[in-house]
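Take a moment to look over the protein shown here.

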Amino acid sequence: MISASRYLTAACGTALALLVLTACASERHPTSAVAPRPSPITSVSPVEPATQVRTFVPYLADGRSAVRVTRTGKGTCWTTSVAAPVRGAYRCFAANQILDPCFVAPHSTDTVLCVPSPWSSAQRITLTAALPKHSVLLNSSRPWALQLANGARCLAVTGTAPAVAGVSLPYSCGNGFGAALTASRGKPVSARYARTDGTTLRTVRIAALWRA
């Protein structure tokens, strides 16, 4: 007959074995750890660069040309510039060509510097007649030139502007394209851009604009 002490010893051994097995199982398969939830992915829209606003400076402080002069000649000016309608800029005539804008030299009334665009060289014209009086500047805040984000360079039209889909394009961008500023008060500024013989317009960011 087995004694009660032997039953007690066997039961304790069985309980101890169960405790060891449970501890090992817990180490292999932990149940208390909770997998972290993945952080939500937030999409951020890229910020477009602001439009650069540049002021064209034709002369240095000492009166010398700030632009490379490649030609000289003689001519006359008869009205305020149409391309860059600011004081000191004129629409002139020399060698059977209309030159606009032409900037009068500081402290001088007999010489102008005619620059076709902010990125081109200049022609110095010695005047054979007095400068005219400035007419009323109807749109002096209009930029003289634009550089679009697609690389196109556009100049203010001095004649009749073409229209596409009912939108007038007062800037000529070359290669048969034209542009118009959008009515945007913020930055960056954009333009409506199209072939002048086309029917559709697209919006393009203006990378830089020049004022005279």
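Start with a pair of cysteines. Cys77 and Cys92 form a disulfide, with their sulfur atoms 1.9 Å apart. A disulfide is a covalent bond between the sulfur atoms of two cysteines. This pair links distant parts of the chain. Cys77 sits in strand E2 (residues 69-80) and Cys92 in strand E3, 15 residues apart. Both Cys77 and Cys92 are buried. The torsion about their S-S bond is about 90°, so the disulfide is right-handed. Keep in mind that this is a predicted model.

How many disulfides does a search of the whole structure find? The search finds three. Another one joins Cys102 to Cys114, at 2.0 Å from S to S. Cys102 lies in strand E4 and Cys114 in strand E5 (residues 111-114), so the bond ties together parts that are 12 residues apart in sequence. The torsion about the S-S bond of Cys102 and Cys114 is about 105°, so this disulfide is right-handed. Cys102 is buried, and Cys114 is buried.

Now move along to Cys154 and Cys173. A disulfide joins them, with an S to S distance of 2.1 Å. Cys154 belongs to strand E8 (residues 153-156) and Cys173 to strand E11 (residues 171-174), so the pair ties together parts 19 residues apart in sequence. The torsion about the S-S bond of Cys154 and Cys173 is about 100°, so the disulfide is right-handed. Both cysteines of the pair are buried. Number the bonded cysteines of the protein chain in sequence order, and the pairing reads 1-2, 3-4, 5-6.

Next, follow the strands. Five of them make a closed barrel, running E2-E3-E4-E5-E6 with mixed pairing. From one strand to the next, the twist averages 50°. Strands of a sheet pair through backbone hydrogen bonds, either parallel or antiparallel. Which way do E3 and E4 run? Strand E3 (residues 89-94) and strand E4 (residues 97-104) run antiparallel, joined by five bridges. Look for Tyr90: it stands opposite Cys102 in E4.

Strand E6 (residues 122-127) holds Gln123. Is Gln123 buried or exposed? Its relative accessible area is 9%, so Gln123 is buried. The side chain of Gln123 makes a polar contact with the side chain of Arg71, at 3.2 Å. Leaving out residues up to four places away in sequence, Gln123 touches Arg71, Thr72, Leu99, Val112, Leu113 and Cys114. One of these, Cys114, is a disulfide partner of Cys102.

Finally, turn to the nonpolar cores. The largest has 14 residues. Leu146, Leu148, Cys154, Ala179, Tyr193 and Ile206 touch the most other members. Which strands each supply at least two residues of this core? They are strand E7 (145-148), E8, E11, strand E13 (190-195) and strand E14 (202-211). The largest share, three residues, comes from E14.

Look at Leu148 in particular. Not counting residues up to four places away in sequence, Leu148 touches Cys154, Ala191, Tyr193, Val204, Arg205, Ile206 and Ala207.

Terms used. Residues are numbered from 1 along each chain as its sequence is written. This is a predicted model: local features need pLDDT of at least 70, side-chain atom pairs count only at pLDDT 80 or more; totals for chains, interfaces and linings use all residues. Side-chain values use heavy atoms; hydrogens and water are left out. Two strands pair if DSSP finds at least two bridges between them. Helices (H or I, at least four residues) and strands (E, at least two) are DSSP runs, numbered from the N terminus. Axes are lines fitted to C-alpha atoms, for helices over the stretch in contact, and angles run from 0 to 180 degrees between N-to-C directions. A disulfide is a pair of cysteine sulfur atoms within 2.5 Å. Buried means under 20% relative accessible area, exposed over 50%, partly exposed in between (1.4 Å probe, protein chains only). A nonpolar core is a set of buried Ala, Val, Leu, Ile, Met, Phe, Trp, Tyr and Cys residues joined through side-chain atoms within 4.5 Å. Contact means heavy atoms within 4.5 Å. A polar contact is a pair of N or O atoms within 3.5 Å; within protein, one must be able to donate a hydrogen and the other to accept it, and residues adjacent in sequence count only if both atoms are side-chain atoms.
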